Amino acid sequence: MVHKHEHHDHGHLHQTHPQIIKRLKRVSGHLAKVISMIEEQRPCLDLAQQLHAVEKAVSSAKATLIHDHIDHCLDETMRRPGPGSRRAMDEFKQITKYL
């Protein structure tokens, strides 16, 4: 799900984005496999273990994305203090809610 926001880094590809995309595509395949397992009526213990692995992978990718964003924006704010600093600080507060 893509959200359109008016952020100062709109359209910016952070350094870790390609790596995150790769990880999420792998998770997407893993999730599809779990769905097939459910349809095949595999044991619930197996399903729970696989879903836990998917959940951990998504959580890890999310944390990487957020930490990278914060690092990037902190660098930008320190390099170019000014009117954008307030907006960057507001973004920090918003994005850390998702950690």
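Reader: Let's start with one residue. Where is the place of Gln41?

Author: Gln41 sits in the loop between H1 and H2. Helices here are DSSP runs of H or I with at least four residues, strands are runs of E with at least two, and both are numbered from the N terminus. Before we go on, this is a predicted model, where local features need pLDDT of at least 70 and side-chain atom pairs count only at pLDDT 80 or more, while totals for chains, interfaces and linings use all residues. Residues are numbered from 1 along each chain as its sequence is written, and side-chain values use heavy atoms, with hydrogens and water left out.

Reader: Is Gln41 buried or exposed?

Author: Buried means under 20% relative accessible area, exposed over 50%, and partly exposed in between, using a 1.4 Å probe and protein chains only. Gln41 has 72% relative accessibility, so Gln41 counts as exposed. Its phi is near 55°, a positive value in a residue other than glycine.

Reader: What does the secondary structure of the chain come to?

Author: You'll find three helices and zero strands. Along the sequence, that gives the pattern α-α-α.

Reader: How do I read two packed helices?

Author: You describe them by the angle between their axes and the distance between the axes. The axes are lines fitted to C-alpha atoms, for helices over the stretch in contact, and angles run from 0 to 180 degrees between N-to-C directions. Take H1 (residues 17–39) and H2 (residues 44–79): their axes come within 10 Å and cross at roughly 165°.

Reader: Which residues of H1 and H2 make the contact?

Author: Contact means heavy atoms within 4.5 Å. On the H1 side you'll meet, among them, Ile20, Leu24, Val27, Leu31 and Val34, and H2 brings residues including Leu47, Leu51, Val54, Val58 and Leu65. By class, the residues of this contact divide into 15 nonpolar, six polar and two charged. Here Ala, Val, Leu, Ile, Met, Phe, Trp, Tyr, Cys and Pro count as nonpolar, Asp, Glu, Lys and Arg as charged, and the others, Gly among them, as polar.

Reader: Where is Leu24 found, and how far apart are the C-alpha atoms of Leu24 and Ser60?

Author: Leu24 is in helix H1, and with a relative accessible area of 38% it is partly exposed. Leu24 and Ser60 are 36 residues apart along the chain, and their C-alpha atoms are separated by 10.0 Å. Gly29 also lies in helix H1, and at 41% relative accessibility Gly29 counts as partly exposed. From Gly29 to Val54, 25 residues away in sequence, the C-alpha to C-alpha distance is 9.8 Å.

Reader: At what angle do H2 and H3 pack?

Author: H2 and H3 (residues 83–96) pack at about 165°, with axes 10 Å apart. That makes H2 roughly antiparallel to H3. Their contact includes Ile66, Ile70 and Leu74 of H2, and Ala88, Phe92 and Ile95 of H3. The classes in this contact are seven nonpolar, four polar and one charged.

Reader: What share of the 99 residues in the chain is buried?

Author: Buried residues make up 25% of the 99. As for contacts between residues at least 6 apart in sequence, 65% join residues at least 24 apart.

Terms used: Angles under 35 degrees count as roughly parallel, over 145 as roughly antiparallel, 65 to 115 as roughly perpendicular and the rest as oblique.
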